[in-house]
Amino acid sequence: MEEQAGEPLTTYDSSSGFDVVIGNPPYVRQESLGILKKYYEKKYSAYHGMADLYSYFIEQGFRLLRNNGLYGVIVANKWMRASYGRPLRRFLQNQTLEQIVDFGDLPVFEGATAYPCILIAHKGAFRSNTFEAATVNTLNFGQLDDYVLLNKIEVKQENLEEQGWNLAGEVENKLIQKIQNKGIPLGEYVKGKIFYGIKTGLNEAFVIDAITKERLISEDTACREIIKPLLSGKNIKRYCHPVSDKFLIFTYKGITIDAYPSIKNHLDRFRPQLEKRAGKQKWYELQSLPAKNASFNIPKIMYPDIALRTQAVIDDQGLYSLNTVYNIGVADKYLLAILNSQLFHYYFSKITNSIRGGYLRFFSQYMEKIPIPEKGQDCETICKLAELITELYKEITISKLPDQTEQLRNRIEHTNRRIDLMVYKIYNLTNEEIEIIER
């Protein structure tokens, strides 16, 4: 008999199979799966080209159960929100969830960064419409059962959305849905102008300091045109005027390197390493650039790819960035204020995973879905407040008196609060909903 897609090596009819399947699937990243992916694509409905091996272990575990059999596993939690987990989430929606305990980024396994969760479910469609969910915020507890009992909430399985699961109670889910339905997705709002920074493949060759820049230009003035001011993610702080102290040798694809002899001589020192990089670029070219319609030279919003919360700034200096920075090709102060607001931080933390230390990854696949309300009567005021915070931070950089610096920080805090309250108003939130966000 010819094997069909999604058919496992071992199958059981609905009346046979194991009563219970428990385990801890191996943590094997998708990059290591190689040619096996073709097999998994044929055999598993949970298949995704970027899915790690545990996705297929979970599906196979359910296949080995009889109907209503119990499944329990401790596994990485990334599948709940990552795009590669969508097929697995779809598969699990056809089972009956009993409990999910999410440990977030806590170091449950000593010496390993695993981001684990416990998933318990019965095979087959809903026996119950709700399941228990608990987010563990500390490992300082006696018994896990007792901690879950005190911190669990009831979640309706039917409220879990395929694009990402949020383990929130009914009240919080309604709030998230309300925010989600207000406005248009960020990707549409900015007409797709979200792009990542440059991947050099060897930063030590392409990223230089001011002294090296001046030396290269003194040897060959023509190279001035391909040495660009560079901003890294660690130098971006919300609302602060971005300051660059590094520079990028911008050897784009197709450049005539012989036209810049000092640059060629500089890069030639790194030629053995440059020739070992991945990709089809020439040894002296940057490894990866954003799409052709992306421009670093226009005013834009920039933010780091990893941060505890959004750190968005407006750049009007034509700064370039590495792939630790994302860029939005509009200098929109209204959008800047929303991205830096408490509401945005709350919403984004609910639709994406955190990593060790509570840091968030601001991947475009999540950012472009953020709902942005159309500009209304409060837009001008919000823009002025965002501009004011930027100016106050500039004043702090030149302030020499501690009392003056403290006054400036108090004004910044007060202005941030005014923006937060206006953003709540734009999204039509009630006092009770605001309390949920600020709690």
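Trainee: Which residues lie nearest the centre of the second largest pocket?
Mentor: A pocket is an open set of points on a 1 Å grid over the protein atoms alone, with protein on both sides within 12 Å along at least five of seven lines. Here, 24 residues line the second largest pocket, where lining means having an atom within 4 Å of a point. Nearest its centre are R29, K78, A82, Y84 and F363.

Trainee: What pLDDT do local features need?
Mentor: Residues are numbered from 1 along each chain as its sequence is written, and side-chain values use heavy atoms, with hydrogens and water left out. In this predicted model, totals for chains, interfaces and linings use all residues, side-chain atom pairs count only at pLDDT 80 or more, and local features need a pLDDT of at least 70.

Trainee: How much space lies in the second largest pocket, and which helix supplies the largest share of its lining?
Mentor: By class, its lining has twelve nonpolar residues (Ala, Val, Leu, Ile, Met, Phe, Trp, Tyr, Cys and Pro), five charged (Asp, Glu, Lys and Arg) and seven polar (the others, Gly among them). The volume is the space filled by probe spheres set on grid points joined across faces, edges and corners. The space is about 790 Å³, and the largest share of the lining, three residues, is from helix α13 (residues 364–367).

Trainee: Which residues are the closest to the centre of the largest pocket?
Mentor: The largest pocket has a volume of about 1,000 Å³. Its lining divides into 15 nonpolar, 14 polar and seven charged residues. Of the 36 lining residues, the closest to the centre are R81, T135, N137, S349 and K350.

Trainee: Which element gives the most to the lining of the largest pocket?
Mentor: Elements are DSSP runs numbered from the N terminus, helices being H or I with at least four residues and strands E with at least two. At least two lining residues come from each of β5 (130–135), α12 (342–351) and α16 (431–438). With five residues, the element that gives the most is α12.

Trainee: What is the volume of the largest cavity, and which residues line it?
Mentor: A cavity is a set of points where a 1.4 Å probe fits but cannot get out, and the whole structure holds one of 30 Å³ or more. Its lining has eight nonpolar, no polar and no charged residues, and α12 supplies the largest share, three residues. The volume is about 30 Å³, and the lining consists of I179, I338, L343, F344, Y347, I370, P371 and Y427.

Trainee: How are α5 and α12 oriented to each other?
Mentor: Helix α5 (residues 170–180) packs on α12 at about 110°, with axes 11 Å apart; axes are lines fitted to C-alpha atoms over the stretch in contact, and angles run from 0 to 180 degrees between N-to-C directions. Residues E172, L175, I176, I179 and Q180 of α5 touch L343, Y346, Y347 and K350 of α12, contact being heavy atoms within 4.5 Å. Angles under 35 degrees count as roughly parallel, over 145 as roughly antiparallel, 65 to 115 as roughly perpendicular and the rest as oblique. The two helices are therefore roughly perpendicular.

Trainee: How are α14 and α15 oriented to each other?
Mentor: Helix α14 (residues 379–398) and helix α15 (residues 402–426) pack at about 160°, with axes 10 Å apart. Their contact includes L385, L388 and L392 of α14, and L408, I412 and I419 of α15. By class, this contact has 13 nonpolar, four polar and four charged residues. The angle makes the pair, therefore, roughly antiparallel.

Trainee: How are α8 and α9 oriented to each other?
Mentor: The axes of helix α8 (residues 210–219) and helix α9 (residues 261–268) come within 8 Å and cross at roughly 130°. Here T212, R215, L216 and E219 of α8 meet S262, I263 and H266 of α9. This contact comprises two nonpolar, three polar and two charged residues. The helices are therefore oblique.
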